[in-house]
Each structure stands twice: as structure tokens, then as C-alpha cells.
Amino acid sequence: MWEKFFFHVRLIIHLIPNSDNELEFVPSEVRNLHSLQILALRDNNLTALLTDSQFFARLRELLIENNFLQILPPELSTFDVNSQRHVLRVDGNPLNPELADQLRLGLSHLIQYIGTSFYHA
């Protein structure tokens with residue numbers, strides 16, 4: 001199913017709205033969509049994300065709230081949450097205690113923490 005979808009939309013796609021679809025994983029082919037700016041995956045059944053720092057750096061919005069994510073990949077630390085042009089939403093996930101503590105301090109604390117050597121996903 002995903003192979004056909006990605007074959008037809010490789011050239012220009014800015015948004016993939018896949019909220020509320022009970023997705024359990026993010027297909028690796030998504031990283032080949034170089035013009036992708038918004039990835040909406042909220043309210044699914046995700047337990048893991050891609051591990052590609054260049055992919056996260058290209059995105060303008062990553063909406064992953066209300067899934068089953070307990071950990072976040074260190075590669076997500078390349079996402080620029082300090083820019084007003086970027087949106088990252090992770091609320092509603094059962095993050096492990098160390099990540100939940102960082103998120104309570106603020107999203108920028110969380111992103112900075114997952115990029116440190118103290119964090120092991």
C-alpha cells in the first residue's frame with residue numbers, strides 16, 4: 001500500500017495528513033519526500049519514529065501528539081523548536097519519566113536533552 005502511495009507523490013508534497021488512522025509505524029519511504037514540510041501523525045498508534053536527522057531538520061511541523069511514544073530518537077534534536085516557523089507537538093504520549101520531566105520544563109529543554117550524551121534512547 002505505502003509503495004504505491006509514495007511512487008505517485010515523490011515529486012512535490014508539503015503535507016501528509018495521517019492523523020487518526022491507527023498507524024503503528026512511520027514508513028521509511030517518508031524520508032525520500034524532500035519537499036515535505038508538515039507531517040501530521042497525531043492520534044495514531046505509533047511506538048517509534050524515524051531516525052534521520054536530515055529528515056527532521058527539513059520539516060517545519062511535526063505533529064505526533066496522542067500516540068504511544070515512550071522514547072524519542074536523538075535525531076529529533078535537529079528540529080528547530082526555537083523558531084516561530086517550526087511546530088513540534090508531542091503531548092499525550094506516555095514518555096518515559098526522564099523525557100516527561102524535560103517536557104515539563106519546556107519543549108526546548110526536551111529537544112536539547114535528547115541531543116546530549118546523557119540521553120540513551
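Glutamate 61 lies in strand E3 (residues 61-63); strands (E, at least two residues) and helices (H or I, at least four) are DSSP runs, numbered from the N terminus. Residues are numbered from 1 along each chain as its sequence is written, and side-chain values use heavy atoms, with hydrogens and water left out. This is a predicted model, in which local features need pLDDT of at least 70 and side-chain atom pairs count only at pLDDT 80 or more, while totals for chains, interfaces and linings use all residues.

**Glutamate 61**

- Glutamate 61 is buried yet has no salt bridge. Buried means under 20% relative accessible area, exposed over 50%, and partly exposed in between (1.4 Å probe, protein chains only). A salt bridge is a side-chain nitrogen of Lys or Arg within 4 Å of a carboxyl oxygen of Asp or Glu.
- The nearest side chain of opposite charge belongs to arginine 60, 4.1 Å away; Lys and Arg count as positive and Asp and Glu as negative, while His and the chain ends are not counted.
- Not counting residues up to four places away in sequence, glutamate 61 touches Gln37, Ile38, Leu39, Phe79 and Val87, where contact means heavy atoms within 4.5 Å.

**The largest nonpolar core**

- This core has 29 residues, and Leu62, Ile64, Leu72, Leu76, Leu88 and Ile114 touch the most other members. A nonpolar core is a set of buried Ala, Val, Leu, Ile, Met, Phe, Trp, Tyr and Cys residues joined through side-chain atoms within 4.5 Å.
- Helix H2 (53-58) and helix H4 (107-114) are the elements that give two or more residues to this core, and H4 gives the most, with 4 residues.
- Leucine 76 is in contact with Phe56, Leu62, Leu88, Ile111 and Ile114, leaving aside its neighbours within four places in sequence.

**Glycine 92**

- You will find glycine 92 in the loop between strand E4 (87-89) and helix H3 (97-105).
- Glycine 92 is partly exposed, with a relative accessible area of 48%.
- Asn66 and Asn67 are what glycine 92 touches, not counting residues up to four places away in sequence.
- From glycine 92 to isoleucine 64 is 28 residues in sequence and 8.9 Å in space, C-alpha to C-alpha.

**The two sides of H3**

- The buried residues of H3 are Leu99, Ala100 and Gln102. They cover an arc of only 160° around the axis, so they sit on the same side of H3; the arc is that of the directions from the helix axis to the C-beta atoms.
- Pro97, Arg104 and Leu105 are exposed on the other side of H3.
- H4 is included in what covers the buried residues of H3.
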